[in-house]
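User: I'd like a close look at one part of this model, followed by how that part sits beside the rest. Please take your time over the answer.

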Amino acid sequence: MQLVVARIGRAHGIKGEVTVEVRTDEPESRLAPGAVLATDPPRPQPLTIERGRVHSGRLLLRFEGVQDRSAAEALRNTLLIAEVDPDEQPEDPDEFYDHQLIDLDVVTRDGASVGRIEEVAHPPGQDLLVVKREDGSEALIPFVTEIVPEVDLEAQRVVIEPPPGLLEEPGPREKEQRETEDGGR
């Protein structure tokens, strides 16, 4: 099974290094020198990490065969993908791979059905569970312990404690106000 472990950012310096946005809780093993990673969009050859270092709080990587800034810049926004055993589990019991969460039922603490997890989004800040609701709409649930206190893989469900307003559709007045604030977008 394939797992996205990072996204390549901008080139750093003139010797082929790139910044990376880490998308794994195990960067020391997944992004170590010698790691061979597939890419999206695909490249003729996978990328092999030559070396890595942290600079100003950001991980920098250099790949074999990428020797200058132009070659590094051509990799920008490429996803790095590791091949993972489907039965492998994260070391921390409170961590989950995206594929483990997709298709789990989402219920509130009192047992009310919310929907099913369709995707796990990774915007800056925090991960979001994208939940397809029973009425066909979508709910975005911040994947934080305060809101998602329980993930039960055996029972195939996630229990949430949504704060007020998280699951309610905005009324006509709120929709109109948002459109006005967004300039009609």
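What is the strand order of the open sheet, and what kind of pairing does the sheet have?

Analyst: Happy to walk through it. This is a predicted model, in which local features need pLDDT of at least 70 and side-chain atom pairs count only at pLDDT 80 or more, whereas totals for chains, interfaces and linings use all residues. Residues are numbered from 1 along each chain as its sequence is written, and side-chain values use heavy atoms, with hydrogens and water left out.

The open sheet has 6 strands in the order E10-E9-E8-E7-E12-E11, and its pairing is mixed. Strands here are DSSP runs of E with at least two residues, helices are runs of H or I with at least four, and both are numbered from the N terminus. Two strands count as paired if DSSP finds at least two bridges between them. The edges are formed by strand E10 (138-142) and strand E11 (150-152), each of which pairs on one side only. On average, neighbouring strands of this sheet are turned by 35° against each other, direction ignored; the axes behind such angles are lines fitted to C-alpha atoms (for helices over the stretch in contact), with angles running from 0 to 180 degrees between N-to-C directions.

Let's go through some of the pairs. Strand E7 (residues 105-108) and strand E12 (residues 157-160) are parallel, with 4 bridges, and Val106 stands opposite Val158 in E12. E7 also pairs with strand E8 (residues 113-121), here antiparallel and over 3 bridges; Asp105 faces Arg116 of E8 in that pairing. E7 and E8 make a hairpin with 4 residues between the strands, where Gly111 has a positive phi near 95°. E8 then runs antiparallel to strand E9 (residues 128-133), joined by 6 bridges, and the bridge partner of Ala121 is Leu128 in E9. The hairpin of E8 and E9 has 6 residues between its strands, and Gly125 takes a positive phi near 105° there.

Now for the wider setting. The domain assignment gives domain 1 (2-83) and domain 2 (98-160), with bounds that come from an automatic or database assignment. Their centres, taken over C-alpha atoms, are 30 Å apart. Residues 99-166 are 4% helix and 46% strand, with end C-alpha atoms 24 Å apart; residues 4-83 are 11% helix and 50% strand, with end C-alpha atoms 9 Å apart.

Arg7 takes part on both sides, standing opposite Leu79 in E6 and opposite Glu21 in E2. The E1 and E2 hairpin has 4 residues between its strands, and Gly13 in the turn has a positive phi of about 75°. In the loop between strand E3 (36-40) and E4 lies Pro41, which is joined to Asp40 by a cis peptide bond with omega about 5°.

What lies between the two domains? Both domains give residues to the lining of the largest pocket, so the pocket lies between them. A pocket is an open set of points on a 1 Å grid over the protein atoms alone, where a 1.4 Å probe fits and protein lies on both sides within 12 Å along at least five of seven lines; lining residues have an atom within 4 Å of a point. The space in the largest pocket is about 830 Å³, a volume filled by probe spheres set on grid points that are joined across faces, edges and corners. Of its 32 lining residues, Asp25, Phe96, Asp98, His122 and Asp127 lie nearest the centre. The lining divides into 18 nonpolar, 5 polar and 9 charged residues, where Ala, Val, Leu, Ile, Met, Phe, Trp, Tyr, Cys and Pro count as nonpolar, Asp, Glu, Lys and Arg as charged, and the others, Gly among them, as polar.
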